[in-house]
Amino acid sequence: MNIHEYQAREILERFGLPVPKAGVASTPAEARAVAEELGGKVVVKAQVHAGGRGKAGGVKLVSGPDEAEQAAAGMLGTNLVTHQTGPQGVPVHKVMVAEATDIADELYLSIIVDGDLGVPVVIASTEGGMDIEEVADKTPELLFRVAADPLMGLSPYHARDIASMLNVPVAARRATAALISNLYRVFVESDCSLVEINPLVITKDDEVIALDAKINIEDDALFRHRDLAALHDPTQEDELELRAGKADLAYVKLDGGRVGCMVNGAGLAMATMDITKWAGANPANFLDIGGSADEGRIEEAFKIIVSDSDVEIILVNLFAGIARSDIVAQGIVNAAKETGTKLPMVVAMRGTNAEEGRTILNESGLDITSAQDLAGAAEVLRDKLSSHKGGAQ
Ligand code: ADP
Ligand code: MG
């Protein structure tokens, strides 16, 4: 689970990390009030679940309350588009107003779980402030990785080592090492899958400050962090993914495709996406109905797929076991009639009650082509795609 910067900042503060003084605002007037309280120059920062705000106009350095109010008015209620969001961006409902820091140097610091080593790893770089992916790509020698022992934790000498690898001025070394140790405590005690401070700043007075904070909490650990679970902000998530989550369906939106895929099972989803590609198109999404045997959920699943405006054709690929083909077919027909969709469908059904399922579909009067198996579905899909608007991709 992702949380906002202002929420992450509060967590860091609770663990004793140095963060800039700041307040959060939902209206321009509130932003002004925070700026007045802080005094002097401030930074107005859009609170969205995406990085890259700086380059996208989501971080504004202003001289005082008047300009803070203006900057907030320019951000609140808009959608911020950054290189980490889709073209539609994410809505800005809050801004954080923080005191402006006199930056001498911007560093990078994060902790993640290394999947290969199976331990938390601290990643640090002198090249903070910018895209760390670009640093990793072009100058990987400027990234340091230090693995922690999950039982012993991150030892103080590791923290001091990282501080010196970061070339922190001597006057700030002790504070930086303490910050790194505390960040490790945040990571472990809050069950994070990521904590990232970019930039970690050294000020002109040799102070160290965590200027930006990103925290992801491991979903599977949320049951033991009620306080953190409450920080969830659904407005930052894809509407259809949220809707699917509520119905306990696994829906994943994919960029740049035109085929909506309805399947049962994750492995089948992969195979279905492969044949979609093979047929000359890209999947726009996939929706896994799992072992569902409930007509209502199938209806909801189908409605979610047709709500995705990228979808031009629907591929249903079912290997019915617990989920019965006839129930799935009836759910599809009900939903198609209710939504009035004219989208063509290619359906491959095997397993429990497949024959009954095919009959329901064939008699429905909808634009449905049945296929016997995966290969047959791919052939039909290929034909349909070439005759459908836009042609093959
Ligand atoms: P993002 O990572 O989304 O671009 P950041 O919070 O990292 O947003 O801000 C981008 C840049 O803006 C930082 O690298 C830093 O140079 C500047 N900045 C952010 N917060 C402050 C602040 N409180 N004082 C001064 N400059 C800041
Ligand atoms: Mg940043």
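**Exercise 1.** Determine how strand E14 (residues 259-263) is joined to E15, and by how many bridges.

*Solution.* Start with the link itself. Five bridges join E14 to E15, and the two run parallel. Strands count as paired if DSSP finds at least two bridges between them. Strands themselves are DSSP runs (E, at least two residues), as helices are (H or I, at least four residues), numbered from the N terminus. Next, pick a residue pair: glycine 260 stands opposite asparagine 285 in E15.

This is a predicted model, in which local features need pLDDT of at least 70, side-chain atom pairs count only at pLDDT 80 or more, and totals for chains, interfaces and linings use all residues. Residues are numbered from 1 along each chain as its sequence is written, chains are lettered from A and ligands numbered from 1 in the order in which they are written, and side-chain values use heavy atoms, leaving out hydrogens and water.

**Exercise 2.** Find how E15 pairs with strand E13 (residues 250-253), and state whether E15 is mostly covered or exposed.

*Solution.* E13 and E15 pair in the antiparallel sense, over four bridges. Tyrosine 251 has leucine 287 of E15 as its bridge partner. Now the burial. E15 (residues 283-288) is mostly covered, with six of its six residues buried. Buried means under 20% relative accessible area (1.4 Å probe, protein chains only).

**Exercise 3.** Give the strand order of the open four-stranded sheet and explain what is left at its edges.

*Solution.* The order is E1-E6-E2-E3, with antiparallel pairing. E1 (22-25) and E3 (59-62) stand at the edges with a single partner strand each, so one side of each has no neighbour in the sheet. From one strand to the next the twist averages 20°. E1 pairs with E6 (residues 95-99) over four bridges. In one of these pairings, alanine 22 has alanine 98 of E6 as its bridge partner.

**Exercise 4.** Describe the packing of helices H9 (residues 266-278) and H13 (residues 374-387).

*Solution.* First, geometry: the angle is about 40° and the axes lie 9 Å apart. Axes are lines fitted to C-alpha atoms, for helices over the stretch in contact, and angles run from 0 to 180 degrees between N-to-C directions. H9 and H13 are therefore oblique to each other. Oblique is what remains after under 35 degrees (roughly parallel), over 145 (roughly antiparallel) and 65 to 115 (roughly perpendicular). Then, residues: H9 contributes Ala271, Ile275, Thr276 and Trp278, while H13 contributes Leu374, Ala377, Ala378, Glu379, Leu381 and Arg382. Contact means heavy atoms within 4.5 Å.

Technical notes:
Buried < 20%, exposed > 50% of the residue type's maximum accessible area, 1.4 Å probe, protein only.
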